[in-house]
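Please read it alongside the sequence and the structure shown here.

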Amino acid sequence: MEVHEKLGELAALVSGARGVPLSSSVVVDREQLLALVGDVRRLLPAEVQQAGDVLAQRDEVLEAARADADEVVARARERAEELIDAQAVTRASRERADHIVQTAREEAKRLRLDADAWVDRKLSDFEDELDRLKQQAARGRDRLKVRDADADAEPEEAPQPRAQVAEQAPAGATAASAVPADGS
């Protein structure tokens, strides 16, 4: 869950950033952004480890189901051997043993399918989260590229008309003293 918290901090940093006038761009503190991205990078291996743990749990559940099925089968065979003494009982015991074996196989199959479905959901959630993180990172990089391109494309400051120069002159200065010496 720490990855989600760090991503929330990233989103808050971008959402709370000061906007650039006349554009949809914002100014983000590079150090803060890089620190948060570094935190997310450090946390992702933990998320990947959790996915590995989920897979390990799946294998444990399957192994337990197989062990249970084997135990049921072994008990069924033992019981069947005990009942072999009488023919009528033998037939009934074989049918019962077959039924137990079939039930155990069906139960093992159901447990395996349930475990696979659960693991698949977890992996799908993890995959969705990774896709979302990848998209956020790509958008962030695109914004940085656009900002860098905008910074490179900014024109040099054009000379101000005389009326603006006069408005910017210090208090008490005359309009003539506010005009540049080259007369422009």
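Of the 184 residues in the protein, 18% are buried, where buried means under 20% relative accessible area, exposed means over 50% and partly exposed lies in between, with a 1.4 Å probe and protein chains only. This is a predicted model, in which local features need pLDDT of at least 70 and side-chain atom pairs count only at pLDDT 80 or more, whereas totals for chains, interfaces and linings use all residues. Residues are numbered from 1 along each chain as its sequence is written, and side-chain values use heavy atoms, with hydrogens and water left out.

**Overall make-up**
- The protein has 5 helices and 2 strands, taken as DSSP runs numbered from the N terminus (helices: H or I, at least four residues; strands: E, at least two).
- Read from the N terminus on, the order of elements is α-β-β-α-α-α-α.
- Among contacts with a separation of 6 or more, 62% join residues 24 or more positions apart, a contact being heavy atoms within 4.5 Å.

**Helix α1**
- The 14 residues of α1 (residues 2–15) should span 20 Å at 1.5 Å a residue, and the end C-alpha atoms are 20 Å apart, which agrees; the expected span is 1.5 Å times one less than the number of residues.
- Val 3, Leu 7, Leu 10 and Leu 13 are buried in α1.
- Seen down the axis of α1, its buried residues fall within an arc of 115°, so they line one face of the helix; the arc is that of the directions from the helix axis to the C-beta atoms.
- An α-helix has 3.6 residues a turn, so residues three or four places apart point the same way.
- Exposed residues Glu 5 and Ser 15 sit on the face of α1 turned away from its buried side.

- Beyond its neighbours within four places in sequence, Val 40 is in contact with Lys 6, Leu 7 and Leu 10.

**Largest pocket**
- The largest pocket is lined by 28 residues, of which Leu 33, Gln 136, Ala 137, Gly 140 and Arg 141 lie nearest its centre.
- The elements giving two or more residues to this lining are α1, α2 and α3 (87–153), and α3 gives the most, with 13 residues.
- On a 1 Å grid over the protein atoms alone, a pocket is an open set of points where a 1.4 Å probe fits, with protein on both sides within 12 Å along at least five of seven lines, and lining residues have an atom within 4 Å of a point.
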